[in-house]
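Please open the model in your viewer and keep the selection tool at hand. Each stop of this tour tells you what to select next and what is there.

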Amino acid sequence: QGWEDKGSFTFQAALHHDGRIVFAYKEIPMSVPEISSSQHPVKTGLSDAFMILNPSPDVPESRRRSIFEYHRIELDPSKVTSMSAVEFTPLPTCLQHRSCDACMSSDLTFNCSWCHVLQRSLNNQDENTCSSGFDRYRQEWMDYGCAQEAEGRMCEDFQDEDHDSASPDTSFSPYDGDLTTT
């Protein structure tokens with residue numbers, strides 16, 4: 001703002017199916033570090049965040065949004081110049097694991113956990129229920145109590161639960177906090 005006479009910034013963000021993100025800068029009319037951050041912060045890079053809907057203490061029927069940033073990659077602002085590009089490549093995460101065994105034996109730096117109650121309630125083997133609890137599925141992870149469910153449990157414990165359950169259509173609902181039969 002206030003530097004319109006310098007020209008337009010022309011850039012592109014390309015999102016690829018394999019998870020790569022490419023920022024391509026065609027025209028950068030002034031040095032990014034020269035841009036004042038007095039009106040708003042000037043950042044270069046990429047960050048991951050998730051949003052949680054919490055009940056508002058003041059108005060019980062409304063929900064308050066909280067946004068949590070959990071990873072940030074900052075670029076050196078002086079490197080953002082005309083005719084340049086930056087490519088971000090994804091690292092492996094817990095979300096790539098599709099079975100309890102693969103999830104629990106993961107050697108990733110994330111603390112991967114399996115959420116059996118979420119998998120059963122979704123009633124779909126393709127749904128991913130391996131997570132660190134800090135990813136785009138955080139809301140479901142919290143709603144279904146996955147962090148508490150996974151504490152100290154092994155995959156075999158979940159298999160025993162499947163054999164003991166009263167019926168295959170018993171599921172957990174995050175909204176009533178109890179087992180219900182449909």
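Leaving aside its neighbours within four places in sequence, which residues is Gln 139 in contact with? Before selecting anything, note that this is a predicted model, in which local features need pLDDT of at least 70 and side-chain atom pairs count only at pLDDT 80 or more, while totals for chains, interfaces and linings use all residues. Residues are numbered from 1 along each chain as its sequence is written, and side-chain values use heavy atoms, with hydrogens and water left out.

Select Gln 139, whose place is in helix H3; helices (H or I, at least four residues) and strands (E, at least two) are DSSP runs, numbered from the N terminus. With those sequence neighbours set aside, Gln 139 is in contact with Met 51, Ile 52, Leu 53 and Arg 63, where contact means heavy atoms within 4.5 Å. Gln 139 counts as buried because its relative accessibility is 17%; buried means under 20% relative accessible area, exposed over 50%, and partly exposed in between, with a 1.4 Å probe and protein chains only.

Now move to Gly 133, in the loop between strand E7 (130–131) and helix H3 (138–143). Gly 133 is also buried, at 2% relative accessibility, and it touches Arg 138 and Trp 141, not counting residues up to four places away in sequence.

**Stop two: an open sheet**

Next, select strands E1, E2 and E5, which form an open sheet of 3 strands in the order E1-E2-E5, with antiparallel pairing. Two strands pair if DSSP finds at least two bridges between them. Because E1 and E5 stand at the edges with a single partner strand each, one side of each is left without a neighbour in the sheet.

E1 and E2 are joined over 6 bridges in the antiparallel sense, and Gln 12 stands opposite Ala 24 in E2. The hairpin of E1 and E2 has 5 residues between the strands, and there Gly 19 takes a positive phi near 95 degrees. Of the 6 residues of E1 (residues 10–15), the number buried is 0, so this strand lies largely in the open. On the other pairing, 5 bridges join E2 to the antiparallel E5, and Val 22 has Glu 87 as its bridge partner in E5.

**Stop three: aromatic rings**

Show the side chains of Phe 23, Tyr 25 and Phe 88, which ring pairs link into a cluster. Rings of Phe, Tyr and Trp (its six-membered ring) pair if their centres lie within 6.5 Å, and planes under 30 degrees apart count as stacked, over 60 as edge-to-face and the rest as tilted. A search of the whole structure finds 2 aromatic pairs. Phe 23 and Tyr 25 form an edge-to-face pair, 6.5 Å centre to centre with 75 degrees between the planes, and both are buried. The rings of Phe 23 and Phe 88 have centres 5.3 Å apart and planes at 70 degrees, so this pair is edge-to-face. Since Phe 23 lies in strand E2 (residues 21–27) and Phe 88 in strand E5 (residues 84–88), the pair ties together parts that are 65 residues apart in sequence. Both Phe 23 and Phe 88 are buried.
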